[in-house]
Amino acid sequence: MTEPVLRPLGPDDLTDEQRPLYDAILGGRRGISTLVPLTDADGALLGPFDPILRTPAIGQAIGQLGLALRNDASLPRAVNETAILTTSVHWAAEFEWYAHAAIVRDAAMMAEDDLEAIRAGRAPGQPEIALAWRAARAILAGERIPGPLVEEVTGAWGERGLVELCAIVGHYSHLALLLRALGIEPPR
């Protein structure tokens with residue numbers, strides 16, 4: 001395991017500008033913190049949350065987008081998480097996989113075989129999960145989504161769902177690149 005590029009900021013290291021964001025991150029993710037620790041033993045935020053403290057205004061917007069995608073999206077949670085997991089595999093973002101696989105397992109959102117298939121880059125067996133996986137992979141290809149796939153996705157989740165899938169993949173691609181560039185890995 002390599003050391004991250006940035007030294008994690010503990011609570012005593014925070015500026016007056018960073019403190020409200022730190023508190024908002026912890027407060028907005030209370031339910032997740034029981035599954036995946038949000039802080040290390042010293043209170044420094046884990047995952048993508050620590051680096052966004054360096055730019056509080058942008059970090060606030062990133063955090064709000066993440067909460068909106070989790071809490072306000074019309075997509076079924078398993079579809080949302082499938083898109084996140086597929087994105088984490090695409091970018092080899094281990095922290096995102098670690099965190100979101102724990103969420104999926106805790107809520108029994110999909111069979112372990114489907115989770116393993118996503119991890120291996122194979123189509124999951126459950127039809128709704130497989131559609132979300134195919135859509136996320138098409139978005140990650142960086143090309144226009146093929147018409148038949150657009151029809152399948154909009155047939156399942158409407159135009160709103162199609163746009164939400166694009167937003168989820170984009171947001172988690174951003175976080176994955178942040179994690180990779182800064183050497184942030186899951187806790188060991």
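Biologist: In which helix is the place of threonine 86?
Modeller: This is a predicted model. Helix H5 covers residues 77–90. The place of threonine 86 is therefore in helix H5.

Biologist: Is threonine 86 buried or exposed?
Modeller: Its relative accessible area is 4%. Buried means under 20%, so threonine 86 counts as buried.

Biologist: Leaving aside neighbours within four places in sequence, which residues is threonine 86 in contact with?
Modeller: Contact means heavy atoms within 4.5 Å. With neighbours within four places in sequence left aside, the residues in contact with threonine 86 are Ile118, Trp133, Ala136, Arg137 and Leu140.

Biologist: How many Å lie between the backbone oxygen of threonine 82 and a polar atom of the side chain of threonine 86?
Modeller: The cut-off for a polar contact is 3.5 Å. From the backbone oxygen of threonine 82 to a polar atom of the threonine 86 side chain, the distance is 2.7 Å.

Biologist: Is aspartate 23 buried, partly exposed or exposed?
Modeller: Aspartate 23 has its place in helix H1, residues 19–28. Its relative accessible area is 40%. Buried means under 20% and exposed over 50%, so aspartate 23 is partly exposed.

Note on methods:
Residues are numbered from 1 along each chain as its sequence is written. This is a predicted model: local features need pLDDT of at least 70, side-chain atom pairs count only at pLDDT 80 or more; totals for chains, interfaces and linings use all residues. Side-chain values use heavy atoms; hydrogens and water are left out. Helices (H or I, at least four residues) and strands (E, at least two) are DSSP runs, numbered from the N terminus. Buried means under 20% relative accessible area, exposed over 50%, partly exposed in between (1.4 Å probe, protein chains only). A polar contact is a pair of N or O atoms within 3.5 Å; within protein, one must be able to donate a hydrogen and the other to accept it, and residues adjacent in sequence count only if both atoms are side-chain atoms.
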